[in-house]
Amino acid sequence: MELLGQRLRDQRMQHRGFFLLALLALLALTSAVAKKKDKVKKGSLGSECSEWTWGPCIPSSKDCGMGFREGTCGAQTQRIHCKVPCNWKKEFGADCKYKFENWGSCDGSTGTRARQGTLKKARYNAQCQETIRVTKPCTSKTKAKTKAKKGKGKD
């Protein structure tokens, strides 16, 4: 009977030891993840620099999606994760945000419509134009109607 009691106590000690070991491993893992996140933050708290200059977001593959942005402050450099939207306008960059007017009427001589945008926000100290003008081809109303009818006739 005493031998059985001794085995139970030994098992409990092993369970406690395993539990403490797992707890320490979890703490170490969360600490490592927190340190990694601090390194990636722009202008981290431990940094003496306050005037970071950030470059454009450069996608890792193709011309949109996840990528990196490099920043410098004095002799320090950092790279942070960023994302270039896949519907961005390359002419004025993904870091320049504009408020646009409604599209103008169709110019018959060029076959385009135009609208103007005023700068709303420049992210990461991007060099942005105050106002921009964008154009797109005119679409005829008959073309839009035929596209709508195209899907209806199939039974």
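Along the sequence, the predicted chain follows the pattern α-β-β-β-β-β-β-β-α, and its secondary structure amounts to two helices and seven strands. Helices (H or I, at least four residues) and strands (E, at least two) are DSSP runs, numbered from the N terminus. The structure is a predicted model, in which local features need pLDDT of at least 70 and side-chain atom pairs count only at pLDDT 80 or more, while totals for chains, interfaces and linings use all residues. Residues are numbered from 1 along each chain as its sequence is written, and side-chain values use heavy atoms, with hydrogens and water left out.

Three strands form an open sheet in the order 5-6-7, with antiparallel pairing; two strands pair if DSSP finds at least two bridges between them. Strand 5 (96-100) and strand 7 (131-137) are at the edges with a single partner strand each, so one side of each lacks a neighbour in the sheet. On average, neighbouring strands of this sheet are turned by 45° against each other, direction ignored (axes are lines fitted to C-alpha atoms, for helices over the stretch in contact, and angles run from 0 to 180 degrees between N-to-C directions). Seven bridges join strand 6 (residues 112-122) to strand 7 in the antiparallel sense. T112 has P137 in strand 7 as its bridge partner.

Of the 155 residues of the chain, 17% count as buried (under 20% relative accessible area, 1.4 Å probe, protein chains only). The chain exposes about 13100 Å², of which carbon and sulfur atoms supply 56%; accessible areas come from the Shrake-Rupley method with a 1.4 Å probe. Among contacts in the chain (heavy atoms within 4.5 Å) with a separation of 6 or more, 38% are between residues 24 or more positions apart.

How values were computed. Buried < 20%, exposed > 50% of the residue type's maximum accessible area, 1.4 Å probe, protein only.
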